[in-house]
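Have the 3D view open while you read.

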Amino acid sequence: MPRTPQEPGAFEPAAPVEPGGPATLKAPVELRDLATLKALAQPRRQRMLEHLTLHGPATSATLARALGLNTGSTSYHLRELARYGFVEETDGEQRPAGGAEPSAHRERWWRAVPGDRRFPPRSRQSPEMRQVMDELNHHAYAADVDLFERLQRDAPDGDPWGDAFPYSRAAVRLTLPELREFFEEYIALLNRYKRPESRTPPGARTVLTRFFAHPAPERPDVSAHLAAPDDTRETDPS
């Protein structure tokens with residue numbers, strides 16, 4: 001889920017906020033607060049937030065069952081995510097799972113709060129913030145690769161969606177401003193395809209997209225090497 005407004009990256013591209021209406025996009029928000037980043041870096045919270053983003057509103061009990069977690073722990077993590085604005089209570093589904101009779105108490109349903117959230121560039125991160133970001137990124141990258149490999153490997157034979165795993169590796173020569181522009185164009189492309197459920201065509205499925213880019217290691221200065229005296233030649237041991 002990475003990452004920054006000045007060095008490219010985003011946590012979650014903005015989504016339409018008016019169901020059935022035009023796609024109104026929220027302005028990017030930079031997450032500068034260390035406590036907020038620490039709250040997000042917790043691996044269980046990352047899993048819960050992704051589940052809510054993919055599958056819609058859920059209770060702490062349904063999340064616990066889906067992710068193999070303890071219900072009490074899930075409730076705590078949901079409250080922490082809500083405290084920092086990543087999830088919120090919703091009036092959505094409020095019936096018990098399995099069609100059971102409604103209970104005397106109201107179940108609390110939670111949904112992910114959409115938004116274009118970004119992280120500060122590394123040059124503006126404190127040493128402590130860098131440590132938190134490294135941990136957050138490590139868990140996110142590992143989870144993304146694991147899910148891609150697992151779903152591709154387990155795709156049923158004959159399922160046309162079994163071919164829905166496009167993958168690309170490329171190298172382009174860009175200036176830093178061009179790289180920032182490239183990233184913003186990518187976010188704009190994603191938002192062009194975001195739409196409310198009422199305008200989503202039949203047969204559509206949620207597709208996970210991931211983007212990261214980084215400068216290649218600098219090539220050694222061959223010309224300087226050739227111009228320097230050759231003091232490294234092996235001598236004949238005569």
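Helices (DSSP runs of H or I, at least four residues) and strands (DSSP runs of E, at least two) are numbered from the N terminus. What you see is a predicted model, in which local features need pLDDT of at least 70 and side-chain atom pairs count only at pLDDT 80 or more, while totals for chains, interfaces and linings use all residues. Residues are numbered from 1 along each chain as its sequence is written, and side-chain values use heavy atoms, with hydrogens and water left out.

**The overall layout**

The chain has 7 helices and 4 strands. Starting at the N terminus, the elements come in the order β-α-α-α-α-β-β-β-α-α-α.

How much of the chain is buried? Of its 238 residues, 30% count as buried, where buried means under 20% relative accessible area, exposed means over 50%, and partly exposed is in between (1.4 Å probe, protein chains only).

Now for contacts, meaning heavy atoms within 4.5 Å. Take those in the chain between residues at least 6 apart in sequence: 69% of them join residues at least 24 apart.

**Helices that pack together**

Helix α1 covers residues 34-41, and its buried residues are Thr36, Leu37, Ala39, Leu40 and Ala41. What do they pack against? The buried residues of α1 pack against α2 (43-55) and α5 (127-154).

Helix α2 has other partners to look at too. Two packed helices are described by the angle between their axes and the distance between the axes. Here the axes are lines fitted to C-alpha atoms, for helices over the stretch in contact, and angles run from 0 to 180 degrees between N-to-C directions.

With helix α4 (residues 71-83), α2 packs at an angle of about 80°, and the two axes are 10 Å apart. So α2 and α4 are roughly perpendicular to each other, a label for angles of 65 to 115 degrees (under 35 is roughly parallel, over 145 roughly antiparallel, and the rest oblique). On the α2 side, Arg44, Arg45, Met48 and Leu52 take part, and they meet α4 residues including Tyr76, His77 and Leu81.

With helix α3 (residues 60-67), the axis of α2 comes within 11 Å and crosses at roughly 105°. That makes α2 roughly perpendicular to α3 as well. Arg47, Met48, His51 and Leu52 of α2 make this contact with Leu63, Ala66 and Leu67 of α3.

**Salt bridges**

Side chains of opposite charge can pair when their charged atoms come close. A salt bridge here is a side-chain nitrogen of Lys or Arg within 4 Å of a carboxyl oxygen of Asp or Glu. How many turn up? Searching the whole structure gives 13 salt bridges, including these:

| Pair | N to O distance |
|---|---|
| Arg124 and Glu30 | 2.9 Å |
| Arg111 and Glu88 | 2.4 Å |
| Arg122 and Asp134 | 3.2 Å |

Arg124 is partly exposed at 41% relative accessibility, whereas Glu30 is buried at 16%.

Next comes Arg111 in strand β3 (residues 109-112), paired with Glu88 in strand β2 (residues 87-90), so parts 23 residues apart in sequence are tied together. Arg111 is partly exposed at 31%, and Glu88 is partly exposed at 30%.

In the pair of Arg122 and Asp134, the arginine lies in the loop between β4 and α5 and the aspartate in helix α5, so the pair ties together parts 12 residues apart. Salt bridges that share partners also join Glu30, Arg32 and Arg124 into one network.

**Loops and a surface patch**

Val172, Leu174 and Phe182 make a nonpolar surface patch of about 280 Å². Patch residues have over 30% relative accessible area and no salt bridge; nonpolar side chains (Val, Leu, Ile, Met, Phe, Trp, Tyr) are joined within 5 Å, like charges within 9 Å. Val172 sits in the loop between α5 and α6 (176-193) and is exposed, at 60% relative accessible area.

Last stop: where is Ala213? Ala213 lies in the loop between α6 and α7 (222-227) and is partly exposed at 46%. Between Ala213 and Phe183 there are 9.1 Å in space, C-alpha to C-alpha, although the two are 30 residues apart in sequence.

Note on methods. Areas by Shrake-Rupley, 256 points an atom, 1.4 Å probe, with all protein chains shown as cover.
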